[in-house]
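Subject: Structure handover

Hello,

Here is the structure for you to look through. My notes follow below it.

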Amino acid sequence: MRPANVPLRFARRAFSACGRVAPQETPTSRPSALLRLSHLAVVGLLIAFSECWALGLQVVPSVGRSGGHFIVSGGGIASLGPCGFEVGECQTDGTVTIDGYVLGTFSYGIGVCESGFTIDLANVPGQPTGSECVSCLLSTGVHTVTFSGYAFCPPNQETDLGSVCATFEIVSDPGGALGDPWSLDSVPIANPPPGPGQKITFSPDVQDVPPCDSLVLIQSCRMRGRQTGPPESWIDLSFAQIGVPDGDDLALMEAVLTPPPRVSIDVGSSEEVPFATSIALGHQTGRKGSGITRSATFMDRPFWNDEPFIAPGITRVQFEFEVNAFCVSGAGQGQWLGKSFWLWDRTVGSPYAEYSISEHLPHDRGHPTSDFMRAITLWQQVRKYTLPGLPEPPTEGGGPCN
Amino acid sequence: MQLVGIRFEALRSPILASVIAGVACLPISSLTAQTFSPYTDFQAMTPADLATIQVKLTYVGKQRVGQSSLLIAAIGNDPNIELFDGYWRAGMNYGNDAVAPASFGASVNELEAMIDHVALVPAVTDGDVDPGGYVSFALLNTAGGTTRVFEAIVNRQNGALLFEKLLIALQSNSVGNRLVWDFGCRAGTLPTAVPEDLAGRVSITFSGFRRDPSEGATFVGRVRVTNTSGSTIVPPLSLVIARERGNAQMLDDHRNTCNIPPARSPYVDLFIGAGLGPGASVDQVIRFTNPSRDKFDVTFRAFSGPGTR
């Protein structure tokens, strides 16, 4: 099970200082399970000599609202030898608690042979039904996360790898004191056809948005049509029913349109990523951290005339947009930071592609809707793209537990 | 031939624009006709005149999400998209011109070459709106104190002819050529001829893939393309790096495919001189940045000869 050619320098570097350690380096983008085990094996041997372990822990963001998405991640659990259930193999274990006894029901066990974990306190697996949102149950104030690691090796060697703690704060938010990162502004445009554009902005300069090196906006669209009756009704439309934007590939656009309710990520068929890029009108990638705070923004103005066709019997077309803020890289990598909605509406046959844009639709800090998630999942499958996931569990961060 | 557009009196005045937004749209009666200049006016311009010319590409068709326009100006001449305000044709979508465009500089020689090459495409120089046209190609010059504007709105077919000429004229302007290519790709107006797929004629190996120890999120490897056929492969030889999974991005100077699947995959042209003979190989080091550290997989394909990648 233990590969012979794992470079020892990786482990030495990672454990060169007792206490905080540097992230483990790997020769591939993310270590495979096999490679991870082999690292642990080597690490275990070194531990036996040095008696040094380094657990890491972080909570991102460190301040937020009750019910917020606090991402807790910890790492650095080291096996004392080849890890597994075979004879002679070792196991690891870890436990995460919040405020100890205060939340007695919360105890998150780390799987054997895992070196770390990542959980979202707004949706913790394994909790009693109705209590999955742990952050919903916490009162305002400072809370302490404790991460403890253990290692077991035959015949009876049990080693306490110690504990590391980190705090985060839940603050009350009367009147939105934490701030609202979203703004959707109707921008008048004189260029024909004259009418408003929608400027969508997510400003990360509020307390509970985590640091993020690259913050992007991802927009989905559900196309609906008012069908003549009787009775009149709204139906979901496909691109085959109302055409695709000029220049786009119909087959590719249809391929990323979900089954009803029909939603797709709102980028052209030639785009390589699912988010607004520099080609989008007024685009700017957001950032928070290292002394720089910059909004993520773009402007949209659909233009949808009746050419070359709109399916017979459709008298009105609506585009229902959902925009989600997403952190592509940085400490908040992989986190959904909130969503907003807007609506474009046009009566078929109206002169000069006349349209209207809704205002004052809701926005929040929650995760994307299930419709959006279906669309982004399908887009990733079809276009062979993977949105960045949560970072590897850290092997540094946190501090001593009092 | 009647070259008539519509000039809107209301331009970028915030107050007036707000009024416009409030009433949703201007009544047609408030518009005045604006005459465009013929293409020959621009062919007759001297190099000195061309120092103030601007070339604009605007997507004016059906769209769910806006796309920036592209503005080309002589090096040293500040691009100014507002000069085009008012030179609008009825029924077209010029909303994408309301936001700052992408832009690049070109030499006077390149601009002259652009005009000369496009002059070979009557379907463009006629200055009309093609049936189903959705890409505006516009020229503007204020030389001599008179504003002259030419515009043709091309469809996919004539757009391919236009972009072929633009890319030829800008072949030595790497930034400009890339921006025009990207615009044409998104608009679906690049030439549609495809290069030869070398599947079965070459072997492609990828070796030495590792993280670059000097740069945290950079990964590097070497690709070797070997001609396993009995005949010489003609240039250009393009290596396409197709994403199978992940979100890593290629770091080296590259372009993205548009005409061969998968679309928007990075590709590089390999140096093979006059050709890659039977049994011969060419190597290419490629680098990726992968800050997320998510797993990523790529595959390789090779194409050769003329045609749009």
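To begin with one cysteine, A:Cys153 is buried, as its relative accessible area is 9%. Please keep in mind that this is a predicted model.

Disulfides

There are five disulfides over all chains. Three of them are described here.

A:Cys153 is bonded to A:Cys90, with the two sulfur atoms 1.7 Å apart. The link is right-handed, with 45 degrees about the S-S bond. Its two ends come from distant parts of the chain, 63 residues apart: A:Cys90 sits in the loop between strand E3 (71–75) and strand E4 (91–98) of chain A, and A:Cys153 belongs to strand E7 (residues 141–153) of chain A. A:Cys90 is buried too, because its relative accessible area of 1% is under 20%.

A:Cys165 and A:Cys401 form another disulfide, S to S 1.9 Å. This link is right-handed, with 105 degrees about the S-S bond. A:Cys165 is in strand E8 (residues 157–170) of chain A and A:Cys401 is in the segment after helix H6 (370–383) of chain A, so the bond ties together parts that lie 236 residues apart in sequence. A:Cys165 counts as buried at 11% relative accessibility, whereas A:Cys401 is partly exposed at 30%.

In chain B, the sulfur atoms of B:Cys185 and B:Cys258 are 2.1 Å apart and form a disulfide. The torsion about this S-S bond is about 105 degrees, so the disulfide is right-handed. The pair links distant parts of the chain, 73 residues apart, with B:Cys185 in helix H7 (residues 174–187) of chain B and B:Cys258 in the loop between strand E13 (255–256) and strand E14 (266–270) of chain B. B:Cys185 is buried, at 3% relative accessibility, while B:Cys258 is partly exposed, with a relative accessible area of 23%.

The sheet in chain B

Five strands of chain B make an open sheet in the order E5-E4-E3-E6-E7, with mixed pairing. Strand E5 (102–106) and strand E7 (148–154) of chain B are at the edges with a single partner strand each, so one side of each has no neighbour in the sheet. On average, neighbouring strands of this sheet are turned by 15 degrees against each other, direction ignored.

Within the sheet, strand E3 (residues 53–59) and strand E6 (residues 135–141) of chain B are antiparallel partners over seven bridges. B:Leu57 is opposite B:Phe137 of E6(B).

Two helices lie across strands of chain B. H7(B) lies across E3, strand E4 (70–74), E5 and E6 of chain B, and runs at about 140 degrees to E5(B).

Cores and a helix face

The largest nonpolar core has 43 residues, of which B:Phe137, B:Phe163, B:Leu166 and B:Val180 touch the most other members. Beyond its neighbours within four places in sequence, B:Phe137 is in contact with residues including B:Tyr39, B:Val55, B:Leu57, B:Val118, B:Phe150 and B:Leu166. Another core, apart from this one, has 35 residues, among them A:Leu217, A:Ala296, A:Val317 and A:Leu337.

In helix H4 (residues 108–118) of chain B, the residues B:Glu110, B:Leu111, B:Met114, B:Ile115 and B:Val118 are buried. They cover an arc of only 140 degrees around the axis, which puts them on the same side of H4(B).

Regards

Key. Residues are numbered from 1 along each chain as its sequence is written. Chains are lettered from A and ligands numbered from 1 in the order in which they are written. This is a predicted model: local features need pLDDT of at least 70, side-chain atom pairs count only at pLDDT 80 or more; totals for chains, interfaces and linings use all residues. Side-chain values use heavy atoms; hydrogens and water are left out. A disulfide is a pair of cysteine sulfur atoms within 2.5 Å. Helices (H or I, at least four residues) and strands (E, at least two) are DSSP runs, numbered from the N terminus. Buried means under 20% relative accessible area, exposed over 50%, partly exposed in between (1.4 Å probe, protein chains only). A nonpolar core is a set of buried Ala, Val, Leu, Ile, Met, Phe, Trp, Tyr and Cys residues joined through side-chain atoms within 4.5 Å. Contact means heavy atoms within 4.5 Å. The arc is that of the directions from the helix axis to the C-beta atoms. Two strands pair if DSSP finds at least two bridges between them. Axes are lines fitted to C-alpha atoms, for helices over the stretch in contact, and angles run from 0 to 180 degrees between N-to-C directions.
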